[in-house]
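Here is a friendly note to read beside the model. Please keep the sequence and the 3D view open as you go through the points.

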Amino acid sequence: MDKINYKATLNLPKTEFPMKADLPKREPYVLQSWQSMEISKLISHKRKGAQKYILHDGPPYANGDIHIGHALNKILKDIIVKYKSMRGLDAPFVPGWDCHGLPVEHQLFKELGITKYQINQVEFRKKAYAYASKFVEIQKEQFVRLGIIADWEHPYLTLQPEYEEAIIRSFAVLVKKGYVYRGLKPVNWCYRCETALAEAEVEYEDHASPSVFVKFEIEQEGQFLPQSFLVIWTTTPWTLVANVAVAAHPDFTYSYVKTDKGNLLVYKEMISRLMELFGIKTYELIREYKGRELENISYKHPLAGRKGRVVLANYVSKEEGSGLVHTAPGHGSEDYFTGVKYKLDIIMPVDSKGVFDASAGEFNGLDVYSANTKIVEKLKLLGLLLFSGTVRHSYPHCWRCKNPVIFRATKQWFLKIDHTQGAGESPTLRTQLLEAIHQAITWIPPSGKERISSMVELRPDWCLSRQRYWGVPIPALACKDCNEEFLFPQVIEAFARLASEEGSDCWFKRPLADFMPSLLQCPHCGKSDFAKGADILDVWFDSGVSHQAVLKKRGALTFPCDLYLEGSDQHRGWFQSSLIPSICIDGIAPFKNVLTHGFVVDGEGRKMSKSLGNVISPFDIIKQYGAEIVRLWVASSNYSEDIRISSEIISRLVEAYRKIRNSARFILSNLYDYNPDSSAVRYAELRKIDVWILDKLESMYIQVTDAYEHFEFYKAYKGIYDFCNESLSMYYLDMVKGRLYTYASDSRPRRAVQTALYCVLNTLTRVMAPILAFTAEEIWQHMPKEDKDVASQSVYLLDWPGQEELFPKGFTQDSARAKEADFEVILGLIPEVTKLLEEKRAAGMIGSSFDAKINILTNSQNRYNFLESLQYELNEVFKVSQVEIVLKADFGEGVFKSARYSDIAIAALKAEGDKCPRCWNYTNELLTSQEYGTLCKRCARAIKGEDT
C-alpha cells in the first residue's frame, strides 16, 4: 500500500492575514479604504440621534511638521473618540488649527530672513495666510497617517472669516460688559519679537543673572548720620535706571549699623551673612527700626539726580536679598501695584527693542543686557557697589524666540480678572472662575484642579494686545490730538460684519470711514480726528473663544462640550484662555471634563532637544515600524506623568505588537471554515478549557472597558497584551491545536474550539480597535462575520462588545468562574508536569511530549472525583497521549510530589501502545483499513467526517 499523505487530511491553518505585519506599506491601504468609504460620514450616520459626546480639539499651531508631542496628543484624543463612538455615542471629532500670532509670524520671518520693518503689513499677511494654510494641509496629512479618524474635510481654522467674526463678536461682548480696559502697566515684553506676552506665552528656563548689592544714600537729615545708606539687592541692574522707591516690610526689624563702608540699613536677621558677603569684619549697631518707621524716608538715586522714598510692601522676602527691595513700577507687577498705591512715577526709559532711550543719560543706545555691565561699573566707580556676583535662577523666556524677556510698562489692552458684573455683592470674575474650577469641572488627573486654581488665584489681568503683524486686529481708534485709544461698539460691530465676508484683512485694506459712524468724538478731548489702532489680539484669545466659534456654531457639536484634552502646560494656556471668556460671555465653563498629559522625554527622563541629539520623530518610527507602533506607545504610557520614549522602548513595543498580531493570526487561520451563525455550539457543549478561556476573555473585557472609561489606556493595553501573551499564547492556543487540526472538521469538539476562538477574536478586535486602529481594521476585513455584521464596512461601524451578543447561549460569568476556579488547579500543575517531562526527555525516555503518559495520584476522594471528570481534557491540557487518575493513600517512591498541592503527586511514563501517524498520540487501539492505513479510532472517524 502506498504511503498515505495524512497531512492532507488535517485541518491545517490557512488565512490570507499575513504573519509579517509590514505596517509601513500596509497601513496606507487601510487609510485609502477609509477615505474611499468616507468613514467619518459613515460613523456619523450610524450614530445619528444618539447621545452626544464631544471632545473639542485644541488647535496646534500651523507652523511646521508635527512632532512626537503632537502625535501623543492627537492619538489620545482619537482613542477616546473611537471608544465613545463604539459605545454607541455620537462623537464627531472636528480638528482645528491655530493659524494666527507669533508662532506663525516668527517662523515665517525666520524663513524669509527679514524683520517686520522690511515688508508691508498687508503683503506679509498674505504670505502668512498662505504659509499657515500650507502647514494646515501638511499637518492634516500627518495626523491622518497616524490613523486619526476625524472630519478632515471641515476642520476649524482661526483664519477663516467665520471664525474671525466669532473672535471679534466675542471681544465685543467683553467690551460691552466692561471687562476690557486700556492701561499703562508692566508686562512681559520680548524685545526680540517686539511684543507684549501673556503669562501663557512665557517659559521659565535656567538663566545666569548679575547679583548686586547697592547702597542708596539716605537724605533724611537729623534722623540718620551722614553717609547712611539703604542696601538693596537686584538681579537686574539695568532696571535701577527706572528706580523711584525702595520697599520695606512693615513688620520686619531693620538694623542700622556703623561700618567702614558707611552706615548701612539692612534686615536684622540677614546682617551676619551680609556683613561677611560685603567683606565687613566689624560693625556696630546704632539702633533698630521697625519697617513701618522707615516709610517715606527719602534717598538720593544712585544714577539719576532725582530723589526716591521708602514705601511699605508685604511681598518683601526674608529668604534672600537684604530685606529692602528696589522698586521700579515700570519694570515689575508687584512694583507697579506698589506704585499705584503710593502714586509713584512710572519711568520707562526702554524702547520696544530693549534699548535705552535718551532719558537714560549715559546709557542711551545700550540694550538692557549690555547696560548691566556698564551700570555695575558705574556703581563701583561711585563707591556704591557693596557686592557683585552671578546667580543662576529660573527666569522667564519668550516661548517663540527662546530669549529672556524683560518687564516693561507699556499701554496695552487688558481683560480685568477682578471685574464684577452688576451691583452689590456680585462675585468677581476671578471668584466665578475658581467656583467653576472647583465645582463644575472634573479634572483628570485630580491634581489638575489645584494646579489651575492656584494659577487663577494669583494671575494678573490678561494682556490682550500684541504688537505684531499677523492676527485679528483690535478695532480700536486712536485720537490724533490726545494720543488716547478707545473702543467703540459701533466700530467693533462694523468690523465684525465686514470680517465675516472679507476676513480680518479688511481692517487694513478699507478706509477708516467704512468702520466708524459719522460725528464720532474722542471721549477724552472731544476731537474727531482718528487713526486705526495698530495692535492685534493675543493668539490665545483666538483659540480661547473656539467654544463660541465652533462648539456653538456647528450643529453636530454641543456647548458646553464633554472634554478638553491637552498637555499639562495648558493649565496656564488654553484651559484658562477658554474658561475666562466662556465665564464672561455665558456664565459657565465651556467643558465638563479636562484631561491633561505630561511631556515626552527620552529614555533617561531628559527633555528632548536637538543639542542633546535625543529627539525622536514620529515619522522615523512610522517609516521603520508603522504608525501602529506609535499608537501602541501612546496607549502603553501612563500619560499622567512625563512619557518616555527611546529605541529600546519602541523595540519592546514592537515585540508586544507581534505577540498580539500573531495571536490574532492564529485564530484567523483556524476559522477559515467557521460560520458564526451556523457553526457555533451552545455553552453546554463546550469543554471546561473552552469555558475557561471565555471567562478569561470576560475578565479582560471588563478590565479593559473599565480602563477606557477612566481614560487609563495603559491599563487597557496591558489587559489586552496580558490576555494575548498569557491566557492565549501560553495556554489555550497551544492546548487546542489537536482538536483544531485532527478532529473532523465539523465535529462538535472542533466547533467548540472555533466557537470560543470566534468569541475571543470578535471581542479582542473590538476592544483593541481604539488603540490598534490599523490592525483591528485588518483583522475585521479577514474574519468571518455574523449576518448582522456583514454590512459593516469597518470595525468602527461595530458596537462595543456585550456579553449577550459575544458569548455562546447559556454562558454566564458566574457559571464560568465556578469552572475556572476548578480549572486553575489543572493550570497550576502544568509547570510541574512540564518540568517532569523535560527530565524524562533529557534521560532519553521520550522525545515529544506525546510520547508520554502522565499518572496523577491523589489521596483525596474529592480531588479524585474532580480530576476523573476531566479525563478527556487533561491530555489536551498537558499535551501528552494519556493521563490516568489514581486514588492512592500512599504515593510511594519514584513520583514527583506537587509543591502546590499536598494531596497530589505526578509520575511520567512512556506512553502505552503505538503511535498514530496522523495525530502522533499513542493508543492501544490502532485500526487498520485499506483506505486509511493504520490509525487511532479518533483519526479514523475524523477522516470519515464523523463526530468524535
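Which residues line the largest cavity? Gly-101, Leu-102, Thr-195, Leu-197, Glu-201, Arg-466, Arg-468, Ile-536 and Val-539 do.

Before the points, a word on the ground rules. This is a predicted model, in which local features need pLDDT of at least 70 and side-chain atom pairs count only at pLDDT 80 or more, while totals for chains, interfaces and linings use all residues. Residues are numbered from 1 along each chain as its sequence is written, and side-chain values use heavy atoms, with hydrogens and water left out.

1. **The cavities.** A cavity is a set of points, on a 1 Å grid over the protein atoms alone, where a 1.4 Å probe fits but cannot get out; its lining residues have an atom within 4 Å of a point.

2. **The lining of the largest cavity.** Helix H4 (101-112) and strand E5 (195-197) each bring at least two residues to this lining. Helices (H or I, at least four residues) and strands (E, at least two) are DSSP runs, numbered from the N terminus. Sorted by class, the lining holds four nonpolar, two polar and three charged residues. Here Ala, Val, Leu, Ile, Met, Phe, Trp, Tyr, Cys and Pro count as nonpolar, Asp, Glu, Lys and Arg as charged, and the others, Gly among them, as polar.

3. Are Lys-110 and Glu-27 buried or exposed? Buried means under 20% relative accessible area, exposed over 50%, and partly exposed in between (1.4 Å probe, protein chains only). Lys-110, in helix H4, is exposed because its relative accessible area is 60%. Glu-27, in helix H1 (residues 23-37), counts as buried because its relative accessibility is 1%. Leaving aside neighbours within four places in sequence, Glu-27 is in contact (heavy atoms within 4.5 Å) with Arg-145, Gly-626, Ala-627, Glu-628 and Phe-774.

4. **Helix H3.** This helix (residues 68-86) has 19 residues and reaches 27 Å from its first C-alpha to its last, close to the 27 Å expected at 1.5 Å a residue. The expected span is 1.5 Å times one less than the number of residues. H3 is mostly covered, with 18 of its 19 residues buried. Just after H3 comes Gly-88, with a positive phi of about 95 degrees.

5. **Helix H12.** The 14 residues of H12 (residues 489-502) should span 20 Å at 1.5 Å a residue, and the end C-alpha atoms are 20 Å apart, so the two values agree. Which residues of H12 are buried? They are Val-491, Ile-492, Ala-494, Phe-495, Ala-496, Leu-498 and Ala-499. These buried residues pack against helix H6 (161-176), strand E20 (477-479) and helix H13 (506-509). An α-helix has 3.6 residues a turn, so residues three or four places apart point the same way. Gly-503 follows H12 and has a positive phi, near 85 degrees.

6. **Cysteines.** How many disulfides does a search of the whole structure find? It finds zero, a disulfide being a pair of cysteine sulfur atoms within 2.5 Å. Cys-482 is in none; its nearest cysteine sulfur, that of Cys-522, is 3.6 Å away. Cys-919 is in none either, with the sulfur of Cys-939 nearest at 3.7 Å. Cys-482 is buried because its relative accessible area is 18%, and Cys-919 is buried because its relative accessible area is 8%.

7. **Backbone details to look up.** Most residues other than glycine have a negative phi, and most peptide bonds are trans. A cis peptide bond joins Ile-444 and Pro-445, with omega about 0 degrees; Pro-445 lies in the loop between strand E17 (442-444) and helix H11 (447-458). Another cis peptide bond joins Phe-559 and Pro-560, with omega about -5 degrees. Leu-519 has a positive phi, near 65 degrees, and counts as exposed because its relative accessibility is 83%. Trp-920 also has a positive phi, near 70 degrees, and counts as partly exposed because its relative accessibility is 49%.

Key:
On a 1 Å grid over the protein atoms alone, a cavity is a set of points where a 1.4 Å probe fits but cannot get out, and a pocket is an open set with protein on both sides within 12 Å along at least five of seven lines; lining residues have an atom within 4 Å of a point.
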